[in-house]
Amino acid sequence: MSRPHNVSAVAQTGSHITAPILTSNTITGDVYITHNASGISTYHQDSVKTQPSANPVICKYKKDICSVYQCFKEYNSLPGENVLLCERYTEPLIIQKHRDQKEREEEISSKGESFQQVFSSRSSHESVLNSLFHTDDHGITPRAVILQGNSGNGKSFVVQKIMMDWASGNLYKDQFDVVFHLKCKEIKCISGKRSLLELLSRSCGLTSDEISQMLQWSSERLLFIIDGFDELRLPQDDNNVTSPTNPNNRCKPVHTLCALLKGHLQMNSFLLVTSRSTATDNLSNRLKNPQRFTEIMGFSERGVEEYFQKFFQDEGLFEKAYKFVKSNETLFTACSIPVICWIICTTLKERFKPGVEVISGLETTTSIYVDFVFTLLDHHSQGLNQLDLLRSLGQLAERGMHKERVLFDKKTFDEIMKDQDGSPFLCKYLFKRRIQQKTMFSFMHLSFQEFFIALYCVCLNTDRDMRKLNEALPLRDVGKFAFGLLNKELQCTLEKHGLIVSKDTEAHLKKHLEKIKGLDGSPQYFLNCLYEVHEKSFVQEAMTSWNKIFVYGGFFSRTDCWALQYCGQFCQSFEEIKITYCNLTPEKLSMILPVLHKCKRIVLDLLEPTDSVLADLMCSITGGQGQCVNAALRMDFPSVDSISLLVSNEESRISITFPYHIRSEVHSLCLTLPRSEPIDWAKFFQVFTNGNLDALMSAIQSQSELKKVELKVDCLNESLSLSTLSTSQKCTSLTEIKIEASFLLEEGIKILQKPHTRSNCTLTFEGLRCTRQSEKCALREHKLSCNQMFRICVTCQGSDEVTYEESWQRGVESGQPPLQQQSSSVAVERQHHTEGQSDPLREGDGQLQHGLAEPLELQSELIPFELEGE
């Protein structure tokens with residue numbers, strides 16, 4: 001083999017030439033090969049390796065691929081409309097693993113965040129496109145890869161991405177010199193006989209001669225992508241079919257394709273075959289080995305967000321649309337299916353305009369599912385009778401409802417579906433059962449099973465048997481879909497496909513709605529049904545006599561919040577909204593804020609609200625017109641324990657309580673002010689969080705129209721007395737300041753006894769004070785007998801006249817029976833009082849006027865006075 005060899009051969013079409021020198025991909029020696037096929041001749045110089053990538057035919061082919069595959073058409077594209085692949089493609093989650101029955105049931109049944117958690121748990125098996133043909137842990141490189149995926153999961157989209165990236169040099173550069181794409185949907189429509197060369201020529205636009213040259217140059221670095229295997233109508237028994245063994249052999253296109261799959265054609269090539277799950281087992285039996293199984297699961301949560309960003313491009317529209325879909329557990333789950341992502345984005349883009357918030361224009365879950373169903377029927381189920389298919393799907397879904405199943409055995413499937421195994425809405429699974437395999441079927445997700453139950457009972461139940469509808473309505477997700485089908489605009493779409501909602505069915509559903517209105521624990525269901533109907537007149541009528549919403553101890557979802565927000569806009573006012581112990585998060589609270597100002601009484605439990613959320617809440621409640629609001633808000637929040645709010649037409653009274661386990665100078669705050677006065681609530685709550693008393697007093701002084709201030713603090717010291725006097729002087733609108741302190745320190749009391757010029761405002765201070773004449777008690781212990789309850793009242797009698805009044809009530813010694821309560825009071829006029837003058841209140845108990853104690857006025861209904869330590 002060291003010397004040059006001359007080989008000359010002439011062969012008939014379809015003949016084989018076997019020569020040792022031609023068996024390697026790298027041909028050495030001076031070899032001149034002549035074919036009777038015109039236009040193919042090549043010369044190999046000794047020790048020079050063939051470089052297929054430099055082949056002008058392959059370069060031209062790649063250039064054509066980039067031109068054709070860089071754009072795609074959407075389902076609703078008008079003539080000439082295209083979308084760039086690079087601006088829209090979002091990689092789905094692809095796994096290399098068969099899931100067991102338990103995992104399948106978990107995926108089918110979960111919704112919302114729990115569904116995404118299930119998805120995330122599968123991510124350990126995540127694959128990327130460039131690793132589909134990598135060698136596994138056993139050193140085996142697959143010759144054929146099955147890429148399974150449900151209808152609408154983006155199989156063809158992934159194939160287009162592979163073709164584009166290969167042609168651009170970004171994928172399989174070191175693995176495949178040539179990649180061909182064959183679409184089964186097109187092949188099944190070809191009549192007559194065709195060779196592999198002819199099928200490839202038809203799909204890519206090259207001549208048979210050019211393709212023949214490419215096959216010769218890259219016989220072992222060649223990838224065939226067979227897209228949509230489930231579209232083929234394969235013969236039941238093809239054992240007696242003669243398979244072509246040469247690319248020039250002509251036979252039925254399906255037989256040619258099967259020969260390629262089995263390896264009878266281009267034996268050394270690689271295969272990537274996409275298929276729905278309903279045909280995967282049949283595919284595996286017809287595919288050469290070794291094989292690898294992969295599955296497109298759809299979009300992860302990150303993938304959904306990325307798709308929305310690419311679709312809307314505008315950041316404001318993206319945030320609005322993504323926030324809406326994430327708030328709906330059912331839609332957010334369905335967004336894992338790429339085609340539903342596209343439907344939702346397309347629909348919302350028509351509704352959303354920059355700078356416009358149109359809640360009433362948001363699409364319902366039912367309308368999205370209707371669009372999805374008819375999209376798949378029109379584009380993925382040719383040849384099937386639509387009404388028969390939908391009726392069969394409804395009957396299968398109803399059977400699952402009665403049996404409480406999401407997986408159906410083959411016997412049940414065959415009884416109901418008959419010849420409908422090509423349905424794009426069903427999935428087929430193979431599970432191991434001891435030494436055998438078991439075939440099971442399911443809907444793409446539980447929500448689709450629920451939708452088809454509703455569609456069947458409302459539109460496809462030919463005998464109009466209301467019994468079936470009554471049995472389905474207790475399943476609330478089915479009920480929501482049923483009410484959604486009452487939407488007039490949606491009914492027009494249904495009628496175009498032969499689906500009619502009868503008047504009797506509509507009346508029956510309205511009667512059911514009246515029934516659930518009065519049921520305890522059903523406000524979410526009632527609101528969601530109204531939201532799905534999505535008609536102003538219908539919702540207005542239903543909300544007229546229903547203006548109290550009580551939700552306790554349940555789960556108030558984001559979908560429920562959207563429903564409340566939507567229905568609330570058609571309600572003049574709510575008597576009461578009470579949502580407690582329902583994990584009401586700041587995100588959910590922000591969704592219902594637009595309706596809270598319509599409420600006369602609000603009771604909410606908030607879970608870890610932020611300062612900004614609390615500020616938005618206060619602005620929403622106080623910002624309404626003409627409502628008298630009595631709001632009680634309890635919070636699972638470190639810096640705020642509860643908020644009480646009473647709003648009349650003229651003024652607002654806000655009381656905020658802080659947890660006693662938080663060591664803060666401030667325990668509670670109550671403000672009374674005109675309703676019209678704006679408050680920077682974000683600043684106030686930031687001050688509360690810091691717990692700094694000086695900062696709080698400074699914030700209070702910034703309110704120009706403040707009427708009354710009530711504070712509960714740790715102690716009255718010199719600083720607080722000074723800031724209180726300063727506040728009374730600067731806020732001329734103030735009529736009263738009341739401070740309840742755990743202890744009144746002497747340094748603070750002395751400041752109050754000094755002369756000062758102040759506005760017409762009463763100052764009241766209450767708390768424990770040590771009564772010992774000598775050294776004052778250093779311990780702040782209310783059980784000590786020397787610590788007595790005192791009240792100090794400072795009022796203005798004119799520009800220079802101040803009345804200082806001090807009263808006390810004897811406490812109870814620890815462990816002893818209560819003594820008779822006594823009080824002493826003295827009124828002293830102090831004019832130009834100077835420090836050092838005698839103070840009658842300091843001269844002992846003997847100089848005090850004794851008498852029966854009058855009860856202290858402590859406003860206990862809003863701020864109960866509690867001593868430290870209790």
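Glu651 has a relative accessible area of 29% and is therefore partly exposed, a class that lies between buried (under 20% relative accessible area) and exposed (over 50%), as computed with a 1.4 Å probe on protein chains only. The model is predicted: local features need pLDDT of at least 70, side-chain atom pairs count only at pLDDT 80 or more, and totals for chains, interfaces and linings use all residues. Residues are numbered from 1 along each chain as its sequence is written, and side-chain values use heavy atoms, with hydrogens and water left out.

The side chain of Glu651 meets that of Lys707 in a salt bridge, at 3.5 Å from N to O. Such a bridge is defined as a side-chain nitrogen of Lys or Arg within 4 Å of a carboxyl oxygen of Asp or Glu. Because Glu651 belongs to strand 20 (residues 651-657) and Lys707 to the loop between helix 29 (693-701) and strand 22 (708-716), the pair ties together parts 56 residues apart in sequence. Helices (H or I, at least four residues) and strands (E, at least two) are DSSP runs, numbered from the N terminus. Lys707 is also partly exposed, at 33% relative accessibility.

Other salt bridges involve buried residues. Lys708 and Glu710 are both buried, and their closest N and O atoms are 3.8 Å apart in a salt bridge.

A further salt bridge joins Glu766 and Arg791, with the closest N and O atoms 3.0 Å apart. Glu766 lies in strand 24 (residues 762-770) and Arg791 in strand 25 (residues 787-796), so this pair links parts 25 residues apart in sequence. Glu766 is buried, with a relative accessible area of 1%.

Salt bridges with shared partners also connect Arg99, Arg104, Glu107 and Glu295 into one network. The count of salt bridges comes to 35.
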